[in-house]
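I opened this entry to keep track of what I looked up. Confidence came before contacts.

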Amino acid sequence: MHVASHTRYDHQSMHDMGFRNLVLLDRGYDPVTHGYDYVTVKSLDDLNTMLGI
């Protein structure tokens with residue numbers, strides 16, 4: 001799983017390298033881009049809840 005808050009420098013690159021478990025921590029830095037198959041969360045608490053932690 002790859003968690004980051006930048007789409008251009010993190011998610012697009014990770015997607016192109018074959019990573020498929022991507023999570024965007026939406027802090028308002030980048031616009032949401034479609035086609036990279038990531039899940040968007042507003043906080044790490046939201047991610048922990050999704051993972052059942």
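**Confidence.** I am working from a predicted model. I checked pLDDT before anything else. The mean for the protein chain is 87, and 100% of its residues reach 70 or more. Helix α1 (residues 7-16) has the lowest, with a mean of 84. Helix α2 has the highest, at 93.

**Charge pairing.** How many salt bridges does a search of the whole structure find? I got one. The partners are K42 and D26. Their closest N and O atoms are 3.1 Å apart. Next I placed both residues. Is K42 buried or exposed? K42 is exposed, at 59% relative accessibility. D26 comes out at 18%. I count D26 as buried because that value is under the 20% cut-off.

**Strand β1.** I turned to H2, which lies in strand β1 (residues 2-4). Its relative accessible area is 17%, so H2 is buried as well. Which residues does H2 touch, leaving out those up to four places away in sequence? I noted D10, H11 and M14, then N21, L22 and V23. Of these contacts, D10, H11 and M14 fall within the residue range of α1.

Conventions. Residues numbered from 1 in each chain as written. Predicted model: local features only at pLDDT ≥ 70, side-chain atom pairs only at ≥ 80, totals over all residues. Heavy atoms only, no water. Salt bridge = Lys/Arg side-chain N within 4 Å of Asp/Glu carboxyl O. Buried < 20%, exposed > 50% of the residue type's maximum accessible area, 1.4 Å probe, protein only. Helix = DSSP H or I, 4+ residues; strand = E, 2+ residues; numbered from the N terminus. Contact = heavy atoms within 4.5 Å. pLDDT = per-residue confidence, 0-100.
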